[in-house]
Amino acid sequence: MESTSLQYFVRADYALALPMILLTLFALFILMIDLILPAEWKRVNAITALMGLAFSAAATVKIHLQFAAIARQGIVVDHFTGFSGSMYVDRFALYFFYLFLIGTAVAILISVRYLEIEREDHGEFYALMLFSVVGMMCMASGYDLILLFIGLELMALSTYVLVGFLRSDKRSNEAALKYLLLGAFSSGIFAYGLSLFYGVTGSTNLTEIGHVLEQRFAANPKDPVIIIALLTTSVGLLFKIAAVPFHQWAPDAYEGAPTSVTGFMSVAVKSAGWALLLRIFLFGLYPLRPIYVPLLIFVAIATMTIGNLAAITQSNLKRLLAYSSIAHVGYMILGLVASDWRTNSSGIKGILIYLLVYTFMNLGAFAVITSLRRRSIIGDDIDDIAGLFHKAPAEAVLMLVFLLSLAGIPPLAGFWGKYFIFLSLVETGHYALAVLGVGYSVISLYYYLRIANAMFMREAIDEEPIRPTPGMALALAVTGVMTVFIGVFPNIFIEAVNWSLTVAPSVAPIAQIVK
């Protein structure tokens, strides 16, 4: 009998996974060299992590260029699949790859001096960040329930440790424990929902799940197993983006975590959660849209309400921005309510633009808060930022820019995020939701201006000067420039989002999608 062998993986599979492979190798290298680095050389770990991100970005660009190279040959290709269909690298995934890499790079820049002040400058910190990004990339490019769950847990476990990285700080330990317990509970519920979908459809592939669900839902729209599977899966997804009523972990985790980790979680981790949610809802569970849209409307209203109203009463900057972050999730959920992906992707376009601008403006705000940390000053209370304009006028002006952008004031970047979300609601006839979103945006201006009032109108409690390190200065410059640049010249970035959406499995012409 002639023997045959089945080749599970081919060279192209590893080429698609190259951004993740490189990050893993650099993370392992950091763990090894950290053992031999003297204390005064610990910044080499940060430099090595940034190099790993640069190499991963180069590998991502290489995949990006493959789309253009194939298109020049007259062949229409909107995605590459790898590892027996488990990985689905399309333009949507590449867009999120870039967001993860940019957000992580800025977070590393603002971490270096902060860790030195906290006396926790260890290589494991940067290795965990890189491992977390590997998980995020699996979440964005996964097309199989198993790979998606593995990516989610890799990111989550790394983040749990990062939140509790300040071992001598009780707040950090408490935040990590709460985050771990609630996160493990939500992951268990999420896994239960995925297992039900596997039991119902007999597949872990999102496309096959979608086809089977379409047939079963048409036969029985009130199938209790499908409804329970959808609800339990939604619990896990909404927890990861900190939507109400699964938001309780966010304020405590944001307050207790190292400030640079809080910034990292607020943009990169949240973007990964959105990548996972969009991938599952819009590809695998699209036939169940008539069920989950009413649920999302309720969640969006509750999230905007609680996020904005709770932020008004906060005196801790990190908790205030945590509730602000929750409110922003509510706005983005409205985009998912407005868009059905196949015939109208304007809402999804709004979400992707929102995540892009949010990366720069929110990381910039946390960079300013991180710069307030000195040996004798924690720096995360509104009183700590009082009189900042008199001590560090550049940081105060930048913080004002970030706050106004978060409020959606033109011509800053945040305006375009909310503009496209509200536009999608108006285009699809959700006028009441659009009015509600605008109303809550006005409320948010109050608590953002509370911070601005403290910076410009109050006297400083201490006179200790703020001297940003070169890394911190670079992070502030990048986030500040991009927040203004995207606001003034949005076309480049809108086209980037349009490019990422050309992979939509839509029956509508591309011209309509990129309208």
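Biologist: Where does serine 84 lie?

Modeller: Serine 84 lies in the loop between strand 1 and strand 2; strands are DSSP runs of E with at least two residues, helices are runs of H or I with at least four, and both are numbered from the N terminus. This is a predicted model, in which local features need pLDDT of at least 70, side-chain atom pairs count only at pLDDT 80 or more, and totals for chains, interfaces and linings use all residues. Residues are numbered from 1 along each chain as its sequence is written, and side-chain values use heavy atoms, with hydrogens and water left out.

Biologist: Is serine 84 buried or exposed?

Modeller: Serine 84 counts as exposed, at 62% relative accessibility. Exposed means over 50% relative accessible area, buried under 20%, and partly exposed in between, with a 1.4 Å probe and protein chains only. Its phi is positive, about 60°, although serine 84 is not a glycine.

Biologist: And what is the phi of phenylalanine 83?

Modeller: Phenylalanine 83 has a positive phi of about 50° and is not a glycine either. Phenylalanine 83 is in the loop between strand 1 (79–82) and strand 2 (87–90), and is buried because its relative accessible area is 18%.

Biologist: Changing topic, which peptide bond at proline 411 is cis?

Modeller: The bond from proline 410 to proline 411 is cis, with omega near 5°. Proline 411 belongs to the loop between helix 17 (393–407) and helix 18 (413–427). The bond from valine 244 to proline 245 is also cis, with omega near 5°, and proline 245 is in the loop between helix 9 and helix 10 (249–256).

Biologist: How do helix 14 and helix 20 cross?

Modeller: The axes of helix 14 (residues 346–371) and helix 20 (residues 470–488) come within 9 Å and cross at roughly 145°. Axes are lines fitted to C-alpha atoms, for helices over the stretch in contact, and angles run from 0 to 180 degrees between N-to-C directions.

Biologist: Which residues make that contact?

Modeller: Contact means heavy atoms within 4.5 Å. Among them are Leu356, Phe360 and Gly364 of helix 14 and Met472, Leu476 and Thr479 of helix 20.

Biologist: What about asparagine 308, buried or exposed?

Modeller: Asparagine 308 is buried, with a relative accessible area of 0%, and is found in helix 12 (residues 289–312). Leaving aside neighbours within four places in sequence, asparagine 308 is in contact with residues including Tyr331, Tyr440 and Tyr447.
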